[in-house]
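Here are some friendly notes to read alongside the model. Have the structure open as you go through the points.

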Amino acid sequence: MDDMKFGKRNKRGDWAPDQPVETAPVFAFPPRLTAILKWLPHYFLPWNVIFALSALAYWAWVIPPVDTMKSLSLGWVAWLYAVNAVSVFLFYGAFELHLYVLKRQENRFKYNGKFPAEQKSKAFWFESQNLDNILRTFLSGVVIWTAIEVGMLWAYANGYAPWLSFAENPWTLALVALVVPIIHEFHFFCIHRLIHTPLLYKWVHSVHHNSVNPSPWSSLSMHPVEHLLYFGTALYHLFLPSNPIIMLYQIHYAGFGAIPGHVGFDKVEIGKDGLVDSHAYAHYLHHKYFEVNYGDALIPLDKWFGTWHDGSPEGEAQMQERYRRRKERLAARKARLEVGGTAE
């Protein structure tokens, strides 16, 4: 597959798509019906369908009976952790094996031309990004994912969360399921802005940003506080007219859905001619520039708050202009403080 038909590569070997990132047309005004209908299949395929099916599979074969979940016991909690851990290992590992170990598509469509294994850094445990990311994923990420999942299932089993049946409330539950990605996007943007405040960034979010060149195992490589905030997206279903299956979809959207944004490739080659879009470029730009694209372009929150970067030269110019204005504000504040100090 010739990736140069879709983008360009700079002298460092970094690849970028020709087309700038676009936000979803569903929030555009005035509404553009044709654009929405053209975009709609991308809303479902392939990622959202995969995460929804994983929730159904869990409910059918993994989640214990309701009577069992009414009380917390080591048996079913450990079982759920084990299934989550194996699922993450297989799902994340498939991308890691295909793209980073076997390198089946070499660096075609890879944003950063280098591979993490080629770069040692003291920012990571054992100076290895992969080892650091894997340990943080399983020792903290999957543990907190499972803890919140268990708590929500216990709440459903004991009547502390609204449990609507599909037979009696098909349209309500269909609507809630439809907006699961929107709930995730809103939640992610809010907590992401929060953990980019100086104190939380230094002690919490910088752990995730150590992976400037993200790879599959970077997806859940976070500080435990960030894991708590991130998987807290499931807690919306304590108040929404929902259902345990949709709650599982919500938490799977967070857990398994972290992969596309961190896979490091714009497209994944499937077979000889197949391509699957990762839609990862917006989030890759966040890892590259830190202060842009706090969301993932489903809701145009970054556009509304002035932190959008679409990867175009215009987007680069707007980002640099924001940096310039901030530098001027800081210089002006410093000058005022110096004048005040002199006056005293």
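1. A definition to begin with: contact means heavy atoms within 4.5 Å. Helices (H or I, at least four residues) and strands (E, at least two) are DSSP runs, numbered from the N terminus.

2. Please keep in mind that this is a predicted model, in which local features need pLDDT of at least 70, side-chain atom pairs count only at pLDDT 80 or more, and totals for chains, interfaces and linings use all residues. Residues are numbered from 1 along each chain as its sequence is written, and side-chain values use heavy atoms, with hydrogens and water left out.

3. On the overall fold, the protein chain has 14 helices and four strands. Its C-alpha trace spans about 70 × 65 × 55 Å along the principal axes. A compact globule of 344 residues would have a radius of gyration near 20 Å, and the 22 Å of the protein chain agrees with that. This radius is taken over C-alpha atoms, and the globule rule is 2.2 Å times the number of residues to the power 0.38.

4. Of the 344 residues, 47% count as buried; that means under 20% relative accessible area, with exposed over 50% and partly exposed in between (1.4 Å probe, protein chains only). Among contacts with a separation of 6 or more, 72% come from residues 24 or more positions apart.

5. Which residues of helix 1 are buried? They are I36, W39 and Y43. These cover an arc of only 80° around the axis, which puts them on the same side of helix 1; the arc is that of the directions from the helix axis to the C-beta atoms. On the other side, T34, L37 and K38 are exposed. The cover over the buried residues includes helix 2 (47-61), helix 6 (170-178) and helix 7 (180-194).

6. I246 sits in helix 10 (residues 244-255) and is buried, with a relative accessible area of 4%. Beyond its neighbours within four places in sequence, I246 is in contact with F166, L173, V176, A177, V180 and H237.

7. Finally, the unreviewed UniProt entry places "domain: Fatty acid hydroxylase" on residues 178-307. Such annotations may be inferred rather than shown by experiment. In the model, this span is 52% helix and 6% strand, and its end C-alpha atoms lie 27 Å apart.
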